[in-house]
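I opened the notebook to record what I looked up in this model, entry by entry.

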Amino acid sequence: MTQPDPVIEWLLDSDPAIRWQVMCDLIDAPETDWMAERAKVEAQGWGARLLTCQDEDGQWAGGAFLPAGFDPREWRERGQPWTATNFSLSQLREFGLDPACERARRTVASIGANAHWEEGGQPYWNGEVEECINGRTVADGAYFGIDVSSIVERLTGERLEDGGWNCERCNGSIRSSFAITINVLEGLLEFERATGGTPQSREARRTGEEFLLKRDLFRRLGTGEPADERFLHFLHPNRWHYDILRALDYFRSSALLTGSAPDPRLGEAIAHLRFCRLQDGRWPLDWTLPGRVWFEIDEGVVGQPSRWITLRAMRVLRWWDAHASVNA
């Protein structure tokens, strides 16, 4: 008789937002079982708690990207706030809130009617001007059933020569950013999952992936040195920030959608992921982002095992190792 995996048991002893993904991605539970667990996100745990923080008009904290009444000194002194609509909606998508449930449908409709971007006052589902914000808006919109094709068209036209994206493009930048590129790639992937994509969006996704793969997910192309040491340290929630686990989780999702095998150039990042595993089989939270939040997700203790990071790391390695065994 097979002994229970203590790490799986630890993951299951958690919030519905984590449990349903463990059931689906790690233990191959029947779809009816993990879908029933996923449905609990609306009424229990972190998902329900975040929904209780919602304003009557469908927004969070009275703003699209920034809380109402935001004082720039807060960003300088305490860090970027994460309580407004853009980050709250992305969090619900990560939790797996069922896009077909009544609360989700009502939320995205209310946001469309009432939320406007601080930058130019444009309606929320028309998108903003920065590529990273638009990438997350596409991901959220596509996931929740909104037509975001106009934002996708804009993003595909904003690629830089090296294949990726950078919010500083408007200020003259000609080099793509790891962080901005992963935000856009996740959006284009969700759009492709929902609609099949367009020839332009699929090509943009290919060049964005190639930007990361040429750099082994974390290296400078010219010197081979890490572009940022933080890319090798895992955080959660990522918000708009980048690390190699976020990229690996993206490439797993992309491969599952398209039926492709893992790219061998992911190998160094995979090796680093294995190296970071604790002796008890879990992964720690390496760092967190400062700034206002509604509440802490997971334990939120730097240096201690994190369920979110462990879940994501285990499903990436399960996917990678499954293909390695087939090709052995």
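The entries below cover the basis of the model, one tryptophan, the cysteines and the nonpolar core.

Basis. I am working from a predicted model, in which local features need pLDDT of at least 70 and side-chain atom pairs count only at pLDDT 80 or more, while totals for chains, interfaces and linings use all residues. Residues are numbered from 1 along each chain as its sequence is written, and side-chain values use heavy atoms, with hydrogens and water left out.

Trp75. I looked up Trp75 and found it in helix H5, residues 72-78 (a helix is a DSSP run of H or I with at least four residues, numbered from the N terminus). Its relative accessibility is 38%, so I noted Trp75 as partly exposed (buried is under 20% relative accessible area, exposed over 50%, partly exposed in between, with a 1.4 Å probe and protein chains only). Leaving aside neighbours within four places in sequence, Trp75 is in contact with Phe65, Leu66, Phe70, Gln80 and Pro81 (contact means heavy atoms within 4.5 Å).

Cysteines. I searched the whole structure for disulfides and recorded zero (a disulfide is a pair of cysteine sulfur atoms within 2.5 Å). For Cys132 the closest cysteine sulfur, in Cys167, is 3.3 Å away, which is too far for a bond, and Cys132 counts as buried at 7% relative accessibility. For Cys53 the closest is in Cys101, at 16 Å, again too far for a bond, and Cys53 counts as buried at 19%.

Core. The largest nonpolar core has 95 residues, and Phe95, Leu212, Leu217, Tyr242, Leu273 and Trp283 have the most contacts inside it (such a core is a set of buried Ala, Val, Leu, Ile, Met, Phe, Trp, Tyr and Cys residues joined through side-chain atoms within 4.5 Å).

How values were computed
Helix = DSSP H or I, 4+ residues; strand = E, 2+ residues; numbered from the N terminus.
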